[in-house]
Amino acid sequence: MTGTRLVAVGHYQPERVVPNSELETMVETSDEWIQRRVGIKERRWAAPEESVDVMAERAALNTLAKAGTGVDQIDMVIVATCSALDRSPNMAARVAARLGIPTSPVTIDINTACSGFPHAVAIAQHAISAGAATTALVIGAEKLTDVTDFTDRTTCVLTADGAGAFLLTADADEHISPVLWGCVPELGDAVRIERANDDKFAQNGRAVYRWTTFELPRIAREVIDRAKIAPEDLAAIVLHQANLRIIEPLANKIGAVNAVVATDVTVSGNTSAASIPLALSKLLEKNPLPSGSPALLFAFGGGLAYAGQVVKLP
């Protein structure tokens, strides 16, 4: 059976930096309250012309440049997003066109909200394992400001825009552990972007926080078990960047005493499906880790869907 290797990680962020002080002028909130509740100091907001597919393309180009790979080698493009305003053509097809991929790539969009990226990684891995693809661009891209209610002080302080990407390729060895994925149907309404709410993001933050407090450590340990390594072997932990209060305690709870924990949420905000590749790309740029080091990826969000795997770093 063919294995899958992570070749490169890249990202793109809009130029506009929005500090908490700017939000203080928009809604009843404060820098102290935002940092105490979720740990966010600032976030990036996209310009009007920076659509989901534009940011996805830029993250893909950054990734391909790091890998030294040409677009002619890509035969699969998957985009994880929950904020694309257009239903068709899908974002993956638009990205393939923007990149000028000359082959006939498989183009798939995935929408499991914030957990979309590890779902997409698993789908690409399975396609490569089955011989249905050889080189896949897996992209998480979000323009959450398009679906944000800027009168809701509980959610508008969270959302942000950006994109991140993985380049995956077939390999003789397997570098990605079996995915652990699922959902909690009774919490399916905890995170929503629904027409009944004018297509704006809403959530039951307390319900999500309770679930992560009680269930996340157990599920994370199961992901690690599937990778057949010990928690102390992890070099990095990259969770969905939703809340610093969820992210920071996990390493100690699962015994990952040697892992670097990505905390990009503090300066990038919540970018939903983009948050894992975005955070990992920035972490590796600032703190290069040895090639082949294992990193835990795990995300949760609307549905309440979740997914995670351990990948060997490029």
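**Close-up views of a predicted model**

View 1. Leaving aside residues up to four places away in sequence, Gly-140 touches Ala-80, Phe-117, Gly-162, Ala-163, Gly-164, Ala-273, Ala-274 and Pro-277. The model shown here and in the views that follow is a predicted one. Gly-140 belongs to strand 6, which covers residues 135–143, and with a relative accessible area of 0% Gly-140 is buried. For orientation within the chain, Trp-33 stands 107 residues from Gly-140 in sequence, and the C-alpha atoms of these two residues are 29 Å apart in space.

View 2. As background to the pairing, strands of a sheet are held side by side through backbone hydrogen bonds, in either a parallel or an antiparallel arrangement.

**View 3. Strand 14 and the strands that pair with it.** Of the 8 residues of strand 14 (residues 305–312), 7 are buried, so this strand is largely enclosed by the rest of the structure. With strand 8 (residues 180–183), strand 14 runs antiparallel and is joined by 4 bridges, and Tyr-306 of strand 14 is the bridge partner of Gly-182. The pairing of strand 14 with strand 13 (residues 294–300) is also in the antiparallel sense and extends over 7 bridges, with Lys-312 of strand 14 as the bridge partner of Pro-294. Strand 13 and strand 14 form a hairpin that has 4 residues between the strands, and within this hairpin Gly-303 takes a positive phi near 135 degrees.

**View 4. The packing of helix 6 against helix 7.** Helix 6 (residues 205–226) and helix 7 (residues 244–254) have axes that lie 10 Å apart, and the two helices pack at an angle of about 45 degrees. They are therefore oblique to each other, and the crossing of helix 6 and helix 7 is right-handed. On the side of helix 6, the contact is made by Tyr-209, Thr-212, Thr-213, Leu-216, Pro-217, Ala-220, Arg-221 and Ile-224, and these meet Arg-245, Ile-246, Leu-250, Lys-253 and Ile-254 of helix 7. Sorted by class, the contact of helix 6 with helix 7 has 8 nonpolar, 2 polar and 3 charged residues.

**View 5. The crossing of helix 3 and helix 4.** The axes of helix 3 (residues 52–67) and helix 4 come within 9 Å of each other and cross at roughly 55 degrees, and these two helices are therefore oblique to each other. The crossing of helix 3 and helix 4 is right-handed. Helix 3 contributes Val-52, Asp-53, Val-54, Ala-56, Glu-57, Ala-60 and Leu-61 to the contact, and helix 4 contributes Met-91, Arg-94, Val-95, Arg-98 and Leu-99. The contact of helix 3 with helix 4 divides into 8 nonpolar and 4 charged residues, with no polar ones.

View 6. In the loop between strand 4 (76–80) and helix 4 (91–99) lies Pro-89, which is joined to Ser-88 by a cis peptide bond with omega about 0 degrees. Ala-113, in the loop between strand 5 (106–110) and helix 5 (116–129), has a phi near 55 degrees, a positive value in a residue other than glycine. Because its relative accessibility is 14%, under the cut-off of 20%, Ala-113 counts as buried. Lys-228 lies in the loop between helix 6 and strand 11 (236–239), and although Lys-228 is not a glycine, its phi is positive at about 60 degrees. With 77% relative accessibility, over the cut-off of 50%, Lys-228 counts as exposed.

**View 7. Gln-125 and its contacts.** Gln-125 is part of helix 5 and, with a relative accessible area of 5%, is buried. Not counting residues up to four places away in sequence, Gln-125 touches Thr-4, Glu-174, Ile-176 and Ser-177.

Notes
Residues numbered from 1 in each chain as written. Predicted model: local features only at pLDDT ≥ 70, side-chain atom pairs only at ≥ 80, totals over all residues. Heavy atoms only, no water. Axes fitted to C-alpha atoms, helices over the stretch in contact; angles between N-to-C directions. Parallel < 35°, antiparallel > 145°, perpendicular 65-115°, else oblique. Left-handed = near helix turned anticlockwise from the far one by under 90°. Contact = heavy atoms within 4.5 Å. Nonpolar A, V, L, I, M, F, W, Y, C, P; charged D, E, K, R; others polar. Buried < 20%, exposed > 50% of the residue type's maximum accessible area, 1.4 Å probe, protein only. Pairing = 2+ DSSP bridges.
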